Amino acid sequence: MSTLPVNGSVRPITRWGEDVMHRVNQPVTDFGADLQTLVADMVATMRAADGVGLAANQVGVDLQLFVFDCPDKDGNHVQGVVCNPVVEVPEGKDRKLDEGEEGCLSLPGAFTKCARPDFARVTGVDQHGVPVSFEGDGLLARCLQHETDHTQGTVFGDRLSRKYRKRLFGEAEELAPDYPSDWPVSPMIEHDEHHQESQAT
Ligand SMILES: [Zn+2]
């Protein structure tokens, strides 16, 4: 299990609709100091937003890269950094769908059911260029698929039916005033009646 870097700076989270969120991002080829700073900042940003995963384009950077710290079905936390991720999910008779709730830090506060394979494996390299592989079930399987999607310019709204997408956008619009434009640099505006029971990526 890897240990995520600490002491990064929190950056504002980029929202759906920004171009960098909706196109295939560039592969990581330079593993120098700038990348190390970016990874530490992404970890700090994910933690500040209370998320379980964050992709580089969610802080406005056009690179195929994500960080995560996410529990599997048994509550075991797995964490890591994956550059240039490739995801594999079960096919054929091994493929079972999990209809769990999904949310995204780039559409903060809104959640809806999104069917995805209940197991995933992601391979790539870490921030030093060393090959890594992560796999798991539960929220971890969802997170690994969701984050790899981000690196390819896909958001989970793209995977929803029109009805569910409409409902999701309605909920997000309602909650938008709670999230300052530079959130989570500025904290969300808390209301007593509003508590978040699911975790977003
Ligand atoms: Zn997301």
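This is a predicted model: local features need pLDDT of at least 70, side-chain atom pairs count only at pLDDT 80 or more; totals for chains, interfaces and linings use all residues.
Where does Cys104 sit in the chain? The loop that joins strand E5 (101-103) to strand E6 (111-113) holds Cys104. Leaving out residues up to four places away in sequence, Cys104 touches Val155, Phe156, Ala200 and Thr201.

Cys104 also turns up in a database record. An unreviewed UniProt entry gives the feature "binding site" to Cys104, His146 and His150. These residues span 47 positions in sequence, yet no two of their C-alpha atoms are more than 10.2 Å apart, so they gather at one spot.

His146 is worth a look next. This residue belongs to helix H2, and His146 is buried as well, since 29 other C-beta atoms lie within 10 Å. Apart from residues up to four places away in sequence, His146 touches Gly53, Glu102, Phe156 and Thr201.

Is Glu147 buried or exposed? Glu147 is buried, because 25 other C-beta atoms lie within 10 Å. Once neighbours within four places in sequence are set aside, Glu147 is in contact with Gly53, Ala55, Phe66, Phe68 and Thr201.

Helix H2 covers residues 138-151 and lies across E1, strand E2 (65-71), E3, E8 and E9, running at about 165° to E2. In what order do the five strands of the open sheet come? The order is E1-E2-E3-E8-E9, and the pairing is antiparallel. Strand E1 (53-55) and strand E9 (131-137) stand at the edges with a single partner strand each, so one side of each has no neighbour in the sheet. From one strand to the next, the twist averages 35°.

Within the sheet, strand E3 (residues 77-88) and strand E8 (residues 119-125) give a handy example of pairing. The two run antiparallel and are joined over four bridges. Which residue of E8 is the bridge partner of Cys83? That partner is Val125. As a rule, strands of a sheet pair through backbone hydrogen bonds, in either a parallel or an antiparallel way.

Note on methods: Residues are numbered from 1 along each chain as its sequence is written. Two strands pair if DSSP finds at least two bridges between them. Axes are lines fitted to C-alpha atoms, for helices over the stretch in contact, and angles run from 0 to 180 degrees between N-to-C directions. Two residues are in contact if their C-beta atoms, placed from the backbone, lie within 7 Å. A residue is buried if 20 or more other C-beta atoms lie within 10 Å of its own, exposed if 12 or fewer, and partly exposed in between; C-beta atoms are placed from the backbone. UniProt positions are given in the numbering used here, feature names are shortened, and annotations may be inferred rather than shown by experiment.
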